[in-house]
Each structure stands twice: as structure tokens, then as C-alpha cells.
Amino acid sequence: MKSAPDTRTGFTRRSALLSATAFGVGVAADRVLGQSSSNDEVPADAEAMQQNAVAFNGPRQAGIATPPPEFMTFAAFDLTSGSIDDLRGLLQEWSVAAAALTKGQPHQVGSDVPGVPGSDPGEADGLGPASLTITVGFGPSLFGVGGPDRFRLRSRRPSAMTQLPVFQGESIDPARSNGDLCVQACADHPQVAFHAIHTLTLIAGGIATLRWSQDGFGRTSSTSRSQATPRNLIGFKDGTNNIRFEDAGAMDDYVWVQPGDGPSWMVGGSYLVARRIKILFDVWDATGLEGQEEIIGRQKQSGAPLGGEKEHDPVDLAALRAGRPIIPPDAHIRLSNPETNGGRRILRRGYSFSEPPEPGSGQIDAGLFFISFQRDPEQFVSIQRGLSESDALNRHTLHTASALFACPPGSKPGGFIGEGLFA
Ligand code: HEM
């Protein structure tokens with residue numbers, strides 16, 4: 001990669017990489033600690049569990065199947081360099097940094113002297129690994145979709161990587177959408193997630209700039225049977241009928257890209273869809289409990305499907321009461337159910353967000369930062385198309401940002417995320 005000196009600090013990215021390795025946060029440390037927990041499953045190693053560390057290296061990227069912790073910072077970047085060597089170098093440096101950060105170790109961006117620009121920014125000191133996961137993805141624009149083929153990667157584009165279509169009723173802000181690269185950082189502590197994005201943004205300096213970012217709190221789903229179902233900001237349990245990573249067959253069928261699905265560099269990866277969905281609280285809060293339950297199709301307190309008693313009772317879409325469907329025709333869980341969608345399923349892994357109101361609007365700006373992972377973006381597109389046309393929840397929500405990223409498989413210690421793309 002090009003090692004342009006940074007005139008502000010006098011260090012180069014190459015020296016940053018070397019110094020990171022020299023200080024024990026690179027390849028050697030990976031060999032010692034990288035095997036302690038596998039991101040392919042819930043960490044099994046006692047030491048890793050004590051430390052709440054989720055290994056960065058592994059066959060799959062962490063942050064997809066791994067149980068979501070409570071906080072997330074998500075960032076999208078645009079490449080300012082047109083050099084494929086710079087892109088490769090950036091992914092290498094991000095991978096070295098991510099391996100260190102997920103162990104709770106500082107990462108020297110360019111200087112090993114604390115307090116000197118380029119040293120670790122320091123705000124996560126003492127907070128430990130905090131279950132940090134770092135997940136990297138590539139946007140359609142990286143492959144020349146909608147613009148020039150800056151990196152000559154068009155021939156390597158998975159056919160699934162196009163811009164998401166326009167859906168009925170959405171109001172998408174392009175400035176908060178899309179991007180060449182994304183990083184999803186999830187952690188038990190918001191400052192650990194922030195620190196990860198802060199550090200990776202520093203590393204990207206001169207090669208990629210931050211396009212948009214989104215903080216999230218309160219996971220809105222579970223991806224493991226070990227996790228209780230959380231509530232989202234409309235007060236309903238969310239994630240009851242999600243795919244769980246323990247269901248390896250469903251993960252292969254619906255989440256992980258399989259051999260033959262497209263280019264081999266994506267096998268073992270997954271496609272990430274992000275949608276910033278504002279909840280229109282003035283309308284929602286004016287809706288009574290019964291009305292809210294009919295919109296979702298579940299009971300608010302227990303999470304049970306209408307017509308059922310317990311949260312995990314099966315959803316019976318055929319059940320009638322007085323000749324009418326108990327779960328209304330426009331209920332969210334009817335329209336998003338696999339039965340209504342030709343068997344399509346997705347892995348939901350979103351977070352709630354809350355931001356300052358638009359000045360003068362007097363309205364809460366909060367909602368769901370929806371994230372789903374799927375083997376093919378078509379799964380999301382098909383489900384969302386049906387929802388956008390008929391979901392009763394549409395009167396209470398507005399999609400304001402949208403993005404699609406291809407998250408390649410995980411990397412080996414000493415390798416880097418997306419390595420196969422450059423093979
Ligand atoms: C603010 C927006 C949204 C809210 C508040 C919301 C809320 C919920 C709730 C409370 C459930 C029932 C519990 C569960 O099974 O997880 C649910 C289920 C579900 N939602 Fe959403 N959701 C939203 C947007 C979306 C979007 C955009 C999609 C996909 C395009 C989606 C897909 C699903 C799916 C697949 C299910 C499970 C259906 C089943 O198999 O029973 N949701 N959602």
C-alpha cells in the first residue's frame with residue numbers, strides 16, 4: 001500500500017502497522033489469544049468469557065451470529081483514495097487494529113508514545129474487551145455500482161450487490177445512507193463501541209472519510225437461545241421469532257452465503273441491510289393497547305401471538321374468531337412471517353436510537369436502527385416490499401436511511417477481512 005507520510009504527525013500508515021505489531025497487538029498476540037474464543041459460536045474458553053472477549057479472527061466475522069450486546073456504533077466510510085493498494089492496506093490495518101481492540105488492548109494508530117497524536121485515543125482504557133465485535137462490509141459503490149469502477153472491482157461484484165430499490169412510503173436521506181465501506185461495532189459499553197469506530201476512523205485518514213454514523217442502544221433482538229427477548233421503543237418484545245445461531249441449518253439456509261451463491265470471496269459471509277426507521281410517537285402513543293396489539297399481531301405484555309398465551313407459542317395465521325382472522329390481515333407479524341413470504345427468513349440484529357429533535361419540530365426523533373443479515377439481499381427486499389405496501393405499522397414509522405453492505409467471511413490471524421476479494 002502507499003505509505004504517504006502524514007504531515008501533521010510525521011508518521012506513516014506503514015510505520016503504524018509495524019509499531020502496532022511491535023507492541024504486541026498484531027500477529028503474535030493473535031496467535032496467543034486469537035484461539036481463546038471462536039466467533040463461530042458463543043465464546044467457550046473460560047479466560048475469554050471472564051474477559052468478555054469475542055475473537056475477531058475466525059471463519060465468520062463476529063457481530064452477525066454472536067449474541068448482540070447492548071450498544072452499537074455503526075459507521076459508513078467513503079474512499080477518498082482511488083488506489084486499490086490503499087484499500088487493501090486499509091483493510092489490513094483495520095484487521096490488525098480490530099484484533100487488538102476486541103481483546104481490550106489499545107491500538108497505536110501511528111505512535112506508541114501516549115499523548116502524542118497517533119497514539120491510542122485512550123477513552124476505552126480500563127473498560128476491557130466488553131464483548132466488542134467489529135464487522136466490516138463493502139457497499140455496492142465499491143464495485144462501481146452507480147458510478148465509476150474506481151478500483152476495477154466490477155468483475156468481482158456479487159450480482160446481489162445493487163442499490164436497494166425504492167420502497168413505498170420511505171423518505172431516505174442520501175447523506176445518511178450507503179457508503180463504500182461499513183463498520184459495525186457492538187459492545188457492552190457504549191464508549192468501547194465508540195472507541196473502536198474512533199480508532200478505525202483515525203486509521204482511515206487520507207484513504208477514507210466518515211460518511212455517516214449511527215449510535216444504537218438496547219439490542220432489539222436476540223440471536224441466541226441464551227438471550228431473553230428485549231423490548232423495542234414501542235414497548236413490544238422484539239426478536240421472538242428471530243433466527244438463533246444455535247440453529248445451524250437455518251443459519252446456512254438464510255444467513256451465510258454458500259458455495260455456488262456467487263463469487264467465492266463471499267462464501268461464509270453475509271449481506272447486511274441497515275434501515276434507520278423513525279417511530280412516529282405522536283401517532284403511536286395516541287393508539288390504545290388493543291390497537292397497538294392488532295398492528296403488531298402480538299400481545300404487548302407477554303409477547304404471545306394474538307390467539308396464543310405464551311411468547312413462544314406458534315403464530316397461527318389461519319386462526320379465526322367469529323369468522324375473522326385473529327391476527328389481522330395487515331398485522332406486522334403476518335406480513336413479515338415466512339408463510340407470507342415464500343419461506344424467506346432474515347436474521348434481525350438491530351438497535352434502538354434516540355437523537356435530538358429537529359429544531360422546532362417538538363417531536364421525538366427515535367426509533368429502530370434495523371439491521372438484518374441474509375444470505376441474499378433479495379430476502380430483505382421481498383419481505384420489505386410486502387411490508388411497505390400493507391403493514392399497519394407504516395402509519396407509525398418512517399424509513400429515513402438505507403444501506404446495503406456485503407460482509408465477507410472472517411479472517412485468519414495474520415490475514416485480513418476481505419482478503420479473498422484481492423486474490
Ligand atoms: C420500527 C420498525 C419495526 C418494528 C417496531 C418492528 C417490530 C417487530 C415486532 C414487535 C415483532 C414481533 C416479535 C418478533 O417475532 O420478533 C416483529 C417481527 C418481525 N419483524 Fe419487525 N419491526 C419493524 C420493522 C421491520 C422491518 C423493516 C422488517 C423487515 C423488512 C421486519 C421484519 C420482521 C420479521 C421477519 C419478524 C418475524 C416475523 C415472524 O416470523 O413471526 N420488521 N417486528
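Hi everyone, thanks for coming. Let me start with the overall picture. Please keep in mind that what you see above is a predicted model. The protein has 423 residues, and 55% of them count as buried. Its secondary structure comes to 10 helices and 11 strands. If you take contacts between residues at least 6 apart in sequence, 74% of them join residues at least 24 apart.

Where does the ligand sit? You will find it in the largest pocket. The shell around it is made of 27 residues, and the closest are Gly-239, Thr-240, Asn-241, His-332 and Arg-348.

His-332 uses its side chain, with a polar atom 2.9 Å from a nitrogen atom of the ligand. Arg-348 also brings a polar side-chain atom, 2.9 Å from a ligand oxygen.

Which elements supply at least two residues each to this shell? They include helix 9, strand 10, helix 10 and strand 11. Helix 10 gives the most, with four residues.

So let's stay with helix 10 for a moment. Helix 10 runs from residue 377 to residue 390, which makes 14 residues. From first C-alpha to last it reaches 21 Å, close to the expected 20 Å.

Which residues of helix 10 are buried? Here they are: Pro-377, Gln-379, Phe-380, Val-381, Ile-383, Gln-384, Leu-387 and Ser-388. As a reminder, an α-helix has 3.6 residues a turn, so residues three or four places apart point the same way. Please look at the list of buried positions with that in mind. As for their partners, these buried residues pack against helix 6, strand 5, helix 9, strand 10 and strand 11.

For another helix, turn to helix 4, residues 84-101. Helix 4 has 18 residues and reaches 25 Å between its end C-alphas, close to the 26 Å expected. Helix 4 is mostly covered, with 14 of its 18 residues buried. This helix has an N-terminal cap too: a side-chain oxygen of Ser-83 lies 3.2 Å from the backbone nitrogen of Asp-85.

I'd like to finish with two single residues. One is Arg-321, in strand 6. Is Arg-321 buried or exposed? Arg-321 counts as exposed because its relative accessible area is 53%, and the cut-off for exposed is over 50%. Leaving aside neighbours within four places in sequence, Arg-321 is in contact with Gly-307 and Ile-326. Gly-307 is 14 residues away along the chain, and the two C-alpha atoms are separated by 8.8 Å.

The other is Val-283, which lies in helix 7, residues 281-285. Val-283 is partly exposed, with a relative accessible area of 35%. Not counting residues up to four places away in sequence, Val-283 touches Arg-395 and His-396. Val-283 and His-396 are 113 residues apart in sequence, yet their C-alpha atoms are 6.0 Å apart in space.

That's my tour, and I'm happy to take questions.

Technical notes:
Residues are numbered from 1 along each chain as its sequence is written. This is a predicted model: local features need pLDDT of at least 70, side-chain atom pairs count only at pLDDT 80 or more; totals for chains, interfaces and linings use all residues. Side-chain values use heavy atoms; hydrogens and water are left out. The expected span of a helix is 1.5 Å times one less than its number of residues. Buried means under 20% relative accessible area, exposed over 50%, partly exposed in between (1.4 Å probe, protein chains only). Contact means heavy atoms within 4.5 Å. A polar contact is a pair of N or O atoms within 3.5 Å; within protein, one must be able to donate a hydrogen and the other to accept it, and residues adjacent in sequence count only if both atoms are side-chain atoms. A residue is near a molecule or strand if one of its heavy atoms lies within 4 Å of it. On a 1 Å grid over the protein atoms alone, a cavity is a set of points where a 1.4 Å probe fits but cannot get out, and a pocket is an open set with protein on both sides within 12 Å along at least five of seven lines; lining residues have an atom within 4 Å of a point. A molecule sits in a cavity or pocket if more than half of its atoms lie within 2 Å of its grid points.
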